[in-house]
Amino acid sequence: SPLAWVITGYFALQSLVAYVVMGWLPEVFKGAGLDGTTAGMLLGLLLLIGVPINMVLPPLVTRTRSQSGWAVGMAVLTTGGLLGLLLAPLSVPVVWALAIGIGMSAFPLALVLISLRTANAADTGSLSAMSQSVGYLVASFGPFLFGVLHDVTGGWSASLLVLVVVVALQAVFGVIAGRPRTV
């Protein structure tokens with residue numbers, strides 16, 4: 001089903017972004033001039049802000065006919081945080097971390113989409129298996145490629161720009177996956 005592949009793509013891209021952020025954000029902040037403790041605390045803040053949002057988001061998302069707007073909103077927040085890191089990393093690093101952390105709530109949205117876009121439990125199980133197995137496999141390459149690009153270019157700019165493009169693709173997949181229909 002084309003829709004199943006779109007949902008799988010959305011799942012893969014949001015997972016890739018999360019893996020890169022969780023693996024590399026402190027190093028990006030350290031490269032910008034923050035000390036390791038502060039950089040690690042910003043990652044902790046980013047992850048901590050997601051806990052309450054991830055608990056509240058699924059019930060809210062299921063109340064809307066289309067989830068496309070949610071997907072775009074998450075991508076806009078993530079993009080804003082990434083662009084902040086790219087253009088002015090030390091100006092308000094807490095804001096950049098919070099924006100990325102809230103934007104990474106694309107994960108529970110991806111899980112909700114799996115259940116909303118299927119008509120029965122068997123289809124939900126199949127789509128879940130497909131999207132998570134393919135998605136996590138694709139995502140596993142993200143941190144490696146992010147680091148390789150840093151090594152090749154000698155800085156974080158190219159890596160961050162590629163991640164912004166990934167988030168833009170995530171938004172496109174999210175808009176398509178968010179339209180109300182089933183596989």
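Grid points are joined across faces, edges and corners, and a volume is the space filled by probe spheres set on the points.

The model is predicted: local features need pLDDT of at least 70, side-chain atom pairs count only at pLDDT 80 or more, and totals for chains, interfaces and linings use all residues. Residues are numbered from 1 along each chain as its sequence is written, and side-chain values use heavy atoms, with hydrogens and water left out.

I listed what lines the second largest cavity: Gln14, Val17, Thr78, Gly103, Met104, Ala106 and Gln170. I sorted them by class (Ala, Val, Leu, Ile, Met, Phe, Trp, Tyr, Cys and Pro nonpolar; Asp, Glu, Lys and Arg charged; the others, Gly among them, polar). This lining has three nonpolar, four polar and no charged residues.

How many cavities of 30 Å³ or more does the structure hold? I found two. The largest cavity holds about 50 Å³ of space. Its lining is Val20, Val21, Trp24, Leu25, Val28, Leu82, Leu85, Ile100, Phe146, Leu160 and Leu163. H1, helix H3 (68-87) and helix H8 (157-178) are the elements that give two or more residues to it. Helices here are DSSP runs (H or I, at least four residues), numbered from the N terminus. H1 has the largest share of this lining, five residues. By class I count 11 nonpolar, no polar and no charged residues.

Next I took the largest pocket, about 210 Å³ in volume. A pocket is an open set with protein on both sides within 12 Å along at least five of seven lines. It has 14 lining residues, and Ala18, Met22, Asn54, Met104 and Phe107 lie nearest its centre. H1 and helix H2 (36-62) each supply at least two. H1 gives the most, with five residues. The lining divides into eight nonpolar, six polar and no charged.

Last, I checked H1 itself. Its 31 residues (2-32) should span 45 Å at 1.5 Å a residue, and the end C-alpha atoms are 42 Å apart, which agrees. The expected span is 1.5 Å times one less than the number of residues. I noted a kink of about 55° at Trp24, shortly before the proline Pro26. The bend is the angle between axes fitted to the seven residues ending there and the seven starting there. Trp24 also lines the largest cavity. Just after H1, Gly33 takes a positive phi of about 120°.

Note on methods
1 Å grid on protein atoms, 1.4 Å probe; cavity = no way out; pocket = protein on both sides within 12 Å on 5 of 7 lines; lining within 4 Å.
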